[in-house]
Amino acid sequence: MVLPFEKQYRERYYQLLDEVFASNFWSDGKMTRTFEEKFEEFTGLYSCAVTSGGAGLLSILEYVNVRGKEVIVPANTFWATPQAAKKAGAKVVYADCNKEDLCMSYQDMVSKVTSETKAVIVVHIGGYIAFEIEKIAKFCAEHKIALIEDCAHAHGAQWNGRTAGSYGLAGSYSFYATKTMPLGEGGMIVSRDKDLITWMKKFRNYGKEVIDGRFVTYPMTEGFNYRINEFTAALGIVQIEHLLVILDWKRSLAQKFDQIFDNRVYLPEGMQSGYYKYIVFDQNLSEETGKVFNDTDFGNEIEGLKLDLPNSYWVAKHHKCAPIYYGWDKAQLSVEEIRDFLIIGR
Ligand SMILES: Cc1ncc(COP(=O)(O)O)c(C=O)c1O
């Protein structure tokens with residue numbers, strides 16, 4: 001399988017690379033700013049580009065300052081989520097998920113809150129928004145707990161016009177090679193809070209503020225290097241322009257899948273998925289892209305902790321993903337043809 005990166009996008013990328021070489025800025029330049037502006041237009045949120053989704057999560061956790069405190073994360077996620085909290089010095093507390101959306105359960109999250117809880121990280125699994133995000137956001141706001149959104153899967157996710165990353169304090173997108181918007185590597189911190197993003201732009205740069213390519217101040221001691229380079233940012237500009245094409249392609253394939261699969265994740269009214277994954281339950285498929293997460297991926301399993309998380313273990317056992325990666329070679333077939341191909345034993 002070759003990831004499609006069509007000719008016109010390659011040509012646009014080469015043209016931007018020429019601009020990078022001509023500018024003499026290989027980092028901290030115009031491409032980074034333009035990429036951030038375009039991402040802001042797309043999500044409606046202030047944006048700060050960083051080296052990875054994990055670096056984005058870690059930066060947000062450092063901003064909140066979770067050292068010595070508890071951070072609630074779902075068990076059903078990639079190790080990046082709990083690991084970011086651990087690297088930021090927190091004690092990780094694992095919460096269960098719902099069977100309907102595979103995302104954090106409000107009820108279980110609330111039951112895990114203590115006086116030491118400083119943050120909750122919700123993961124928008126699979127490309128849509130966690131179904132209980134509004135309740136979780138309200139609870140966190142009332143209890144002065146920082147809500148962080150792991151948006152690594154959520155490019156294009158919307159609920160009544162609200163994008164992933166707009167519910168909590170801040171969110172982090174990943175542009176890792178397999179994601180809906182791949183750059184190879186990269187991440188984007190998003191927030192409604194402009195001051196938080198100003199802080200992030202210093203934090204990613206050893207605390208130095210850069211304005212128009214010039215370091216102007218040294219106002220912060222806690223920063224590190226999470227800068228994205230101009231070559232990756234240039235690719236980001238092309239891919240954010242490409243993203244609508246990718247999303248349309250995935251959404252029209254999802255419409256076909258919706259007619260084939262009854263036992264699947266059903267999106268609530270007003271929700272749009274970016275279809276990082278298409279999740280079905282208890283279905284034998286002739287071709288699949290595995291599971292979003294296996295139980296062996298759970299953070300508590302990696303830490304060797306046997307915990308009572310019934311829904312997480314249930315979904316790990318019962319779900320799998322139909323092939324919805326951009327460029328799947330059967331996507332143009334009819335619903336009938338895809339059904340005949342995918343469903344074993346018809
Ligand atoms: C849920 C989740 N969070 C965070 C990450 C980390 O992103 P990155 O690889 O860009 O650090 C990933 C995947 O890579 C992920 O699937």
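Okay, let's start with the largest nonpolar core, which has 100 residues. By nonpolar core I mean a set of buried Ala, Val, Leu, Ile, Met, Phe, Trp, Tyr and Cys residues joined through C-beta atoms within 7 Å. And buried means that 20 or more other C-beta atoms lie within 10 Å of a residue's own; with 12 or fewer the residue is exposed, in between it is partly exposed, and the C-beta atoms are placed from the backbone. The residues with the most contacts inside this core are Leu-61, Val-71, Ala-85, Ala-119, Val-120, Val-122 and Leu-147. Domain 1 (7–237) and domain 2 (243–342) both give residues to the core, so the core lies between them. Those bounds come from an automatic or database domain assignment.

Before I go on, two notes on the model. This is a predicted model, where local features need pLDDT of at least 70 and side-chain atom pairs count only at pLDDT 80 or more, while totals for chains, interfaces and linings use all residues. Residues are numbered from 1 along each chain as its sequence is written.

Leaving out residues up to four places away in sequence, Ala-85 touches Leu-61, Val-66, Val-71, Val-73, Ala-90, Val-92 and Ile-121. Touching, or contact, means C-beta atoms, placed from the backbone, within 7 Å of each other.

Strands (E, at least two residues) and helices (H or I, at least four) are DSSP runs, numbered from the N terminus. In β2 (residues 70–74), 5 of the 5 residues are buried, so this strand is largely enclosed by the rest of the structure. Glu-70, Ile-72 and Pro-74 point one way, Val-71 and Val-73 the other way, and all are buried. In a regular strand the side chains alternate between the two faces of the sheet. β2 pairs with β3 in the parallel sense, over 5 bridges; pairing here asks for at least two DSSP bridges between the strands. Ile-72 has Val-93 of β3 as its bridge partner.

The C-alpha centres of domain 1 and domain 2 lie 23 Å apart. Their contact takes 33 residues from domain 1 and 30 residues from domain 2. On the domain 1 side, β3 and β6 (158–159) each supply at least two residues. That side divides into 17 nonpolar, 12 polar and 4 charged residues. For the counting, Ala, Val, Leu, Ile, Met, Phe, Trp, Tyr, Cys and Pro are nonpolar, Asp, Glu, Lys and Arg are charged, and the others, Gly among them, are polar.

β6 belongs to an open sheet of 3 strands, in the order β7-β6-β12 with antiparallel pairing. The edge strands are β7 (162–163) and β12 (271–272), each pairing on one side only. Between β6 and β12 there are 2 bridges, and Gln-158 stands opposite Gln-272.

In the loop between β6 and β7 sits Asn-160. Asn-160 isn't a glycine, yet has a positive phi of about 45°. Is Asn-160 buried or exposed? Exposed, with 11 other C-beta atoms within 10 Å. Asp-282 also has a positive phi of about 45° without being a glycine. Asp-282 is in the loop between β13 (278–281) and α9 (299–302), and is exposed, with 9 other C-beta atoms within 10 Å.

In α7, Leu-196, Trp-199, Met-200, Lys-201 and Phe-203 are buried. What covers them includes β1 (46–50), α3, β8 (170–174) and β9 (187–191).

Last stop, helix α1 (residues 7–23), where we find Leu-16. Leu-16 is buried, with 20 other C-beta atoms within 10 Å. Not counting residues up to four places away in sequence, Leu-16 touches Met-31, Ala-234, Ile-237 and Val-238.

Note on methods:
Two residues are in contact if their C-beta atoms, placed from the backbone, lie within 7 Å.
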